[in-house]
Number of protein chains: 6
Amino acid sequence: MQRAFTRYAEGSVLICMGNTQVLCTASVLEKVPPFLKGQGQGWVTAEYGMLPRSTHTRSDREAAKGKQSGRTQEIQRLIGRSLRAVMDMTALGERTIQIDCDVLQADGGTRCASITGAWVAVADAVDGLLKQGLLTKNPLIDSVAAVSVGMVGGQPVLDLDYPEDSGCDADMNIVMTGVGRYVEVQGTAEGHTFDRTELNHLLALAEDGIALLAQKQKSARLG
Amino acid sequence: MQRAFTRYAEGSVLICMGNTQVLCTASVLEKVPPFLKGQGQGWVTAEYGMLPRSTHTRSDREAAKGKQSGRTQEIQRLIGRSLRAVMDMTALGERTIQIDCDVLQADGGTRCASITGAWVAVADAVDGLLKQGLLTKNPLIDSVAAVSVGMVGGQPVLDLDYPEDSGCDADMNIVMTGVGRYVEVQGTAEGHTFDRTELNHLLALAEDGIALLAQKQKSARLG
Amino acid sequence: MQRAFTRYAEGSVLICMGNTQVLCTASVLEKVPPFLKGQGQGWVTAEYGMLPRSTHTRSDREAAKGKQSGRTQEIQRLIGRSLRAVMDMTALGERTIQIDCDVLQADGGTRCASITGAWVAVADAVDGLLKQGLLTKNPLIDSVAAVSVGMVGGQPVLDLDYPEDSGCDADMNIVMTGVGRYVEVQGTAEGHTFDRTELNHLLALAEDGIALLAQKQKSARLG
Amino acid sequence: MQRAFTRYAEGSVLICMGNTQVLCTASVLEKVPPFLKGQGQGWVTAEYGMLPRSTHTRSDREAAKGKQSGRTQEIQRLIGRSLRAVMDMTALGERTIQIDCDVLQADGGTRCASITGAWVAVADAVDGLLKQGLLTKNPLIDSVAAVSVGMVGGQPVLDLDYPEDSGCDADMNIVMTGVGRYVEVQGTAEGHTFDRTELNHLLALAEDGIALLAQKQKSARLG
Amino acid sequence: MQRAFTRYAEGSVLICMGNTQVLCTASVLEKVPPFLKGQGQGWVTAEYGMLPRSTHTRSDREAAKGKQSGRTQEIQRLIGRSLRAVMDMTALGERTIQIDCDVLQADGGTRCASITGAWVAVADAVDGLLKQGLLTKNPLIDSVAAVSVGMVGGQPVLDLDYPEDSGCDADMNIVMTGVGRYVEVQGTAEGHTFDRTELNHLLALAEDGIALLAQKQKSARLG
Amino acid sequence: MQRAFTRYAEGSVLICMGNTQVLCTASVLEKVPPFLKGQGQGWVTAEYGMLPRSTHTRSDREAAKGKQSGRTQEIQRLIGRSLRAVMDMTALGERTIQIDCDVLQADGGTRCASITGAWVAVADAVDGLLKQGLLTKNPLIDSVAAVSVGMVGGQPVLDLDYPEDSGCDADMNIVMTGVGRYVEVQGTAEGHTFDRTELNHLLALAEDGIALLAQKQKSARLG
């Protein structure tokens with residue numbers, strides 16, 4: 001994780017996991033969405049995009065097609081929910097932290113890299129607010145990170161740097177906080193359904209992966 | 001579950017769970033999406049919509065706004081994946097089963113009702129293909145159903161007829177097959193994160209709920 | 001006509017004419033469009049949609065296509081004008097009655113069924129306003145209903161339950177009030193033009209049809 | 001009516017009625033819509049638009065807004081149906097006549113002027129096809145024209161050059177062929193409903209107006 | 001140039017250059033875009049469109065396609081910039097002059113004709129404001145006109161009435177004020193790049209053309 | 001200029017000019033647009049985008065807004081034309097080189113950086129085709145680069161690393177080939193018009209800037 005990768009965003013992190021590279025920025029906006037106006041609390045939201053040639057074969061630019069795909073919307077909603085789970089909205093005050101995750105290179109696990117990197121960007125943006133005295137108390141309750149685990153050839157695999165959707169029987173994205181509480185559990189088994197024993201294996205594996213990532217986030221923040 | 005609710009669709013089921021009412025239709029189309037052409041296998045896909053006044057206060061019509069919300073897209077993708085998990089695409093042959101789930105009245109759990117009802121509609125549509133001799137072998141591997149479970153006031157609750165998103169700490173949608181294998185596990189804890197013990201409680205509760213629904217699907221199909 | 005078909009809308013009517021089934025809801029919104037703000041009068045407007053599999057072969061979902069067809073817009077404008085013709089906007093006060101007509105099953109005459117059913121839904125919604133004391137005087141001046149008449153094989157036919165646009169030389173939709181005054185006359189003869197004598201026959205036939213529907217509306221409201 | 005107003009279209013007519021000015025062009029396209037392919041018959045279709053400053057106050061450009069209004073769609077569908085009513089599609093052969101009606105200046109009655117002018121443009125385009133030997137028989141069965149009539153202050157008025165929608169109790173557009181057969185009857189009484197006697201007066205007035213216009217179309221074609 | 005071509009716009013000019021005919025209107029709106037509110041200055045903006053059959057073969061209507069092409073946007077931005085270059089925004093006061101250039105017939109050079117004609121329309125609109133006493137000082141600093149020049153078969157050509165993009169090696173649009181200062185220089189050489197000598201020839205030719213047009217603008221304004 | 005910045009694109013260059021950073025990729029697609037099919041020649045086209053937080057304050061994501069701005073379309077059309085000017089389309093054969101320029105950080109001059117970087121990416125992609133034997137002759141006729149020059153406080157300035165649109169009286173983008181021939185000349189003087197002497201100064205300055213960039217492109221390609 002490379003912090004301050006670009007200079008204008010209040011938080012800007014390039015996260016590399018395997019060949020996946022995602023630029024995560026956190027922008028502080030001194031406004032909240034209409035449904036929160038005048039309620040003394042903030043908001044965290046996210047948008048996600050892939051550069052057209054971040055993948056092996058070029059995919060169409062969503063801006064040119066005129067709409068975001070269902071997949072894009074699912075991912076950006078997931079990133080937003082994950083970061084909101086560790087933010088004390090009242091402590092944040094009436095402002096929005098707008099996250100942008102843009103995939104420069106995609107080799108699987110882009111949504112997990114996005115969440116993990118976005119947390120560091122948000123933490124940097126919050127630091128700025130604290131330094132400027134705009135916040136007196138850190139509104140971040142904990143860190144948050146995400147891993148992908150899956151059954152490959154009948155074996156549970158921690159999917160940190162594995163090609164997305166390839167040869168994978170079942171696929172699970174787990175988002176957890178630094179202290180190990182669940183934020184999101186999203187498992188899908190389009191190809192092969194799984195039983196409770198396999199589910200338990202996947203959950204255990206994910207827990208280990210998250211612990212590792214939480215450690216790396218801490219190091220990145222110190223570095 | 002009321003079968004043959006409308007007369008033109010190959011399968012047409014009105015499912016009522018609490019005050020939630022969803023009309024699920026399955027249409028058989030003798031074509032497949034471009035990416036499957038000439039591969040000798042079929043496809044199952046789904047669309048989802050809510051009538052504007054299915055809810056307590058009227059929401060805007062998506063056709064008039066000119067786009068489907070991220071929530072709509074998430075739900076229709078989930079329905080499609082769930083049904084594909086129990087369909088043998090090669091046995092189905094080069095045809096598509098198009099599911100439409102339209103919410104007439106919404107009182108929580110519309111995505112679970114949609115999946116549970118859609119399976120009955122798809123099964124009816126498949127019966128028709130078998131009766132017409134267009135299929136010689138049933139391509140449905142198993143039944144599939146979905147429940148919503150959640151932590152409410154610290155207690156795990158089976159969310160069959162509970163107002164969506166109200167007073168709920170954490171919310172989990174579980175999709176399972178008739179024999180009890182997992183298809184989808186989607187838990188989210190925007191308000192309160194949860195730990196592994198709570199997760200286990202929720203999974204157990206969901207398993208019971210699914211068994212009950214699988215029973216009701218069987219009865220509906222016999223009735 | 002089945003009243004209170006769904007529970008949340010202020011008026012909710014399922015109207016069945018032949019195999020055509022339309023769910024008509026009337027929602028009371030305590031606001032008016034911008035062009036009426038502060039003028040002490042209300043508004044009535046309508047939207048119309050068909051469920052994708054309401055027809056013999058599935059048609060595309062307008063929300064997924066991202067726009068409403070010209071036909072949909074024509075019909076919803078017609079419904080709105082028809083209901084406004086029997087509403088005293090000043091007596092209604094600064095509120096909007098929003099009508100939604102959603103076709104569950106289509107076997108011809110959906111626009112006529114929509115207008116006829118919508119009136120009952122609007123009347124029920126107005127009743128609610130009167131009961132709550134939000135209105136002191138009934139703003140509905142009269143009832144309104146619609147029939148379709150046409151020349152089929154040279155003979156004028158009252159088209160209450162006839163397949164839309166099939167084998168029909170000329171087609172006319174007539175909207176009239178309960179006392180028999182014209183609100184809309186929409187005749188079209190794409191196939192075979194018609195002369196004044198034929199027009200007179202069609203108008204007479206429509207008048208009889210409307211009288212019958214006005215009677216049914218009255219019964220439904222009493223029932 | 002000024003023929004050959006622009007030089008590229010196969011038919012091009014500027015029609016002025018009162019202060020209303022509409023440029024009607026007819027373009028011959030050697031193709032038919034997909035639903036008619038290979039059936040040996042042609043098609044006539046129409047589009048309609050208003051220049052932003054054709055009216056007293058500027059209205060938004062539909063191309064900039066990204067969609068055509070419901071009113072625009074209604075009008076262009078009406079123009080298309082009216083012209084198709086006098087065209088023998090088999091005699092036209094597998095080609096499309098595409099009509100464009102663009103309002104340069106609007107002072108009421110733009111849809112009637114469009115239909116009346118479009119017929120002359122189509123007739124000119126058909127002449128071209130006959131001259132080039134692409135057609136051996138004239139596929140135009142008759143002429144077609146349209147007038148607007150209405151009740152103003154309780155009196156039926158022939159609305160050839162009257163401001164649209166102003167002070168008018170009821171408004172009726174009548175499209176008739178040269179020999180006096182009805183193609184479209186579109187009456188609307190949003191403000192004041194009308195009875196059969198008034199309807200008869202309006203129809204008689206329209207008949208006279210159409211006869212006059214049919215005469216002017218004939219003169220324009222000779223001139 | 002024919003002034004007052006339509007009657008409602010504050011300025012309305014039909015400009016014909018060769019077979020190209022563009023209707024340029026200037027509308028005075030008593031408002032400014034949001035970014036200028038309360039700053040005591042005005043704005044000039046432009047929109048551009050082509051009637052579908054203004055060209056040899058019919059092109060699709062942008063309103064029907066639902067978006068303006070990149071070419072349309074480029075041209076309307078160019079027209080807006082050109083007119084703003086000769087307007088003293090403070091002297092104009094908090095109002096907008098909205099230009100609409102609609103091509104009735106296109107035979108090359110539509111963007112140059114649009115700018116040249118739009119200036120006359122704007123000047124007429126400004127005259128109206130002066131006459132009504134809404135302005136005390138003329139905010140127009142100078143006139144502005146545009147020509148197209150190009151290399152054709154190795155020879156520099158003044159492109160006043162030449163088919164657009166045909167047989168032309170390099171193409172340059174020059175916008176200049178009445179006193180001969182540059183506003184825009186847009187040269188493109190997709191086919192054949194050009195050297196400095198050729199550029200100088202083109203610039204000299206353009207200067208002559210502009211002087212001629214400035215003269216014609218003056219005459220039109222006096223006439 | 002950092003080549004092979006991402007791994008999947010056939011050419012991938014990160015170009016930094018001042019604080020501006022643009023990722024330029026060239027993708028080889030074995031197809032051509034419909035209008036070129038079967039003509040034995042290739043095509044070069046470009047798309048352009050800015051990451052939402054590439055700028056000082058966050059701008060809206062075009063994919064979320066559902067359309068590309070006029071500015072975006074102008075720039076991507078300019079990039080495409082510039083690269084096509086140095087490509088021998090017949091030598092390229094029936095394939096498309098698709099350029100994507102995505103701005104990671106914007107500090108003025110993004111369109112010039114895009115063109116300059118894109119050429120290196122295209123040259124790398126062409127090298128790949130030559131190495132694979134898919135091309136036998138290099139279809140690139142020359143290099144191409146772009147600079148921005150402008151009048152700042154009355155002085156001509158070479159705008160290699162200057163904040164876009166700030167305090168600049170006139171602004172000119174010049175695209176030239178390696179041997180010094182003009183491809184595009186785009187000068188605009190919204191604020192202050194300029195005379196011929198100033199134009200000559202700007203052109204001279206641009207020529208020097210281009211020579212420098214052509215040198216850097218050569219070095220980058222060797223490095």
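Select chains A and F together: the area buried between chain A and chain F is about 3,000 Å², and carbon and sulfur atoms give 51% of it. Buried area here is the accessible area (1.4 Å probe) that two parts lose on being put together, summed over both. On the side of chain A, pick out A:Tyr8, A:Arg53 and A:Arg61, which lose the most area to chain F, together 27% of what that side buries.

The structure is a predicted model, in which local features need pLDDT of at least 70 and side-chain atom pairs count only at pLDDT 80 or more, while totals for chains, interfaces and linings use all residues. Residues are numbered from 1 along each chain as its sequence is written, chains are lettered from A and ligands numbered from 1 in the order in which they are written, and side-chain values use heavy atoms, with hydrogens and water left out.

**Stop 1: chains A and F**

Show the contact residues (heavy atoms within 4.5 Å). Chain A gives 37 residues to this contact and chain F gives 37 residues. Between chain A and chain F there are 12 salt bridges, a salt bridge being a side-chain nitrogen of Lys or Arg within 4 Å of a carboxyl oxygen of Asp or Glu. To see one of them, select A:Asp100 and F:Arg58, whose side chains meet at 2.6 Å, N to O.

Across the interface of chain A and chain F, 20 residue pairs are in polar contact (both at pLDDT 80 or more).

The elements that give two or more residues to the side touching chain F are β3 (20–29), β4 (43–50), α1 (62–65) and β5 (96–105) of chain A. Which element of chain A supplies the largest share of that side? It is β5(A), with six residues. By class, the side of chain A that touches chain F has 14 nonpolar, 12 polar and 11 charged residues. In this count Ala, Val, Leu, Ile, Met, Phe, Trp, Tyr, Cys and Pro are nonpolar, Asp, Glu, Lys and Arg are charged, and the others, Gly among them, are polar.

Superpose chain A on chain F: a rotation of 180 degrees with 0.0 Å of shift along its axis does it, at RMSD 0.0 Å.

**Stop 2: a salt bridge inside chain A**

Over all chains the structure holds 87 salt bridges. For one within chain A, select A:Arg95 and A:Glu30, which meet at 2.9 Å, N to O. This pair links distant parts of the chain, 65 residues apart: A:Arg95 is in the loop between α3 (89–92) and β5, and A:Glu30 is in the loop between β3 and β4.

**Stop 3: chains C and D**

Move to chains C and D, where the contact takes 31 residues from each of chain C and chain D. About 2,800 Å² is buried between them, with 43% from carbon and sulfur atoms. On chain C, select C:Tyr182, C:Glu190 and C:Arg196, which supply 22% of the area that chain C buries against chain D, more than any other three residues.

Five salt bridges are counted between chain C and chain D. D:Glu74 forms a salt bridge with C:Arg77, with the closest N and O atoms 2.5 Å apart.

Then show β9(C) and β9 (residues 182–188) of chain D, which pair in the antiparallel sense over five bridges. Strands count as paired if DSSP finds at least two bridges between them. Opposite C:Thr188 stands D:Glu184 in β9(D).

Chain C can be laid on chain D by a turn of 180 degrees and a shift of 0.0 Å along the axis, with an RMSD of 0.0 Å. The two copies are thus related as by a two-fold rotation axis. Which residue of chain C comes closest to the rotation axis? C:Gln186 does, at 2.2 Å (C-alpha).

**Stop 4: chain E**

Finally, select chain E, where an open sheet of five strands with mixed pairing has the order β1-β2-β3-β5-β4. β1 (2–3) and β4 (43–50) of chain E stand at the edges, each with a single partner strand, so one side of each is left without a neighbour in the sheet.

Technical notes: Helix = DSSP H or I, 4+ residues; strand = E, 2+ residues; numbered from the N terminus. Least-squares fit on C-alpha atoms with pLDDT ≥ 70 in both. Polar contact = N/O pair within 3.5 Å; in protein donor to acceptor, adjacent residues only side chain to side chain.
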